[in-house]
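Student: I'm new to this one and a bit lost. Could you pick a single part and take me through it slowly, along with whatever it touches?

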Amino acid sequence: MLNRNFNIALIESNITWGDKEANLKQLRNDINNLDSSVDLIVLPEMFSTGFITDDKDKALELAERNSGDTMRMLHDIASERQTAICGSFLASTAGQVFNRAFFIEPNGDDTFYDKRHLFAFGGEDKVYHQGHTQAPIVRFRGMNIKLVVCYDLRFPVFCRTRKNDYDIMVVVANWPTSRQRVWNTLLTARAMENECYVCGVNRRGTDEAGVAYGSGSSVIIDFKGKTVAQTSEQSPIAAASLSPEALDTFRTKFPAWRDADDFTLHI
């Protein structure tokens, strides 16, 4: 574990529908307002385009490869600021589109994950291809970080830690106001049952389809289920300094993880 705290910042973007240029410009502005000590910046699901599920042609038009302009820009920011950045974007591989999560490190290393649980209720499965891997765990600056995307949060087995194999779960999402209580409840449950920090970053505003996301729903929750930072209507940024020492102490004093059921997850 780290000997120092791990600093994390969530950016709750008001995503401009289908306009990558506008969204990337806004991201630059938001990042410029962050403290230089931030270790990890977390962006919402589909931060550069919005959650496009009703227009497959539009999705194909906007989709990028892992080596496209959007990822190159994020690599540049990560290198310039010496911070990691994660979120998800509209990705293209072999003519198919994916809701692809990314974790970019300042040294140029990157990790990608295609969303496993597609939101059929909202038509995501009609446009995007399903991922076929487990959500990754990335080790960065002494912390093990698990990265999941939105609807994945509803599936506790998929999110379950195995013998404390991660310390922070990051959930990037477009989770509407109408289901906000579910969002808050599931984030808190995942933190307590896995004895870990959970960082849930949502978008804000209203999308092209008229779905409202409100503001102030992005949160950082500790291993006891306590909210330690949250965005607000006035501020789209939430930041916190996470203590690996406090996490390790709690896991030692209350080692529920030792009694957890062993299982194998088949993807």
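**A loop and what surrounds it**

Tutor: Let's start at Met46, which sits in the loop between strand E2 (40–42) and helix H2 (56–62). Those labels are DSSP runs numbered from the N terminus, with helices (H or I) of at least four residues and strands (E) of at least two. Bear in mind that this is a predicted model, where local features need pLDDT of at least 70 and side-chain atom pairs pLDDT 80 or more, while totals for chains, interfaces and linings use all residues. Residues are numbered from 1 along each chain as its sequence is written, and side-chain values use heavy atoms, leaving out hydrogens and water.

Met46 isn't a glycine, yet its phi is positive, about 50 degrees. Is Met46 buried or exposed? It counts as buried, because its relative accessibility is 0%; the cut-off for buried is under 20% relative accessible area, with exposed over 50% and partly exposed in between (1.4 Å probe, protein chains only).

Now look at Phe47. It is one of the residues that line the largest cavity, together with Ser13, Ile15, Asn23, Gln26, Leu27 and Asp30. A cavity is a set of points on a 1 Å grid over the protein atoms alone where a 1.4 Å probe fits but cannot get out, and lining residues have an atom within 4 Å of a point. The volume of this cavity is about 60 Å³, meaning the space filled by probe spheres set on the points, which are joined across faces, edges and corners. The count of cavities of 30 Å³ or more comes to one. Its lining splits into three nonpolar, three polar and one charged residues. Here Ala, Val, Leu, Ile, Met, Phe, Trp, Tyr, Cys and Pro are nonpolar, Asp, Glu, Lys and Arg are charged, and the others, Gly among them, are polar.

Phe47 also turns up among the contacts of Thr70, with Lys20, Leu24, Ser48 and Glu64, once neighbours within four places in sequence are set aside. Contact means heavy atoms within 4.5 Å. Thr70 belongs to helix H3, and it counts as buried because its relative accessibility is 1%.

So what is H3 like overall? It runs over residues 69–81, 13 residues in all, and spans 18 Å from its first C-alpha to its last, close to the 18 Å expected at 1.5 Å a residue; that expectation is 1.5 Å times one less than the number of residues. Besides Thr70, its buried residues are Met71, Met73, Leu74, His75, Ile77 and Ala78. Among the elements covering them are helix H1 (20–32) and strands E3 (84–93), E4 (96–104) and E5 (110–114). Just past H3, Gln82 has a positive phi of about 55 degrees.

Last, the cores. A nonpolar core is a set of buried Ala, Val, Leu, Ile, Met, Phe, Trp, Tyr and Cys residues joined through side-chain atoms within 4.5 Å. The largest has 50 residues, and those with the most contacts inside it are Leu40, Val42, Phe103, Ile145, Ile168 and Val170. In soluble globular proteins, nonpolar side chains tend to be buried together.

Technical notes. On a 1 Å grid over the protein atoms alone, a cavity is a set of points where a 1.4 Å probe fits but cannot get out, and a pocket is an open set with protein on both sides within 12 Å along at least five of seven lines; lining residues have an atom within 4 Å of a point.
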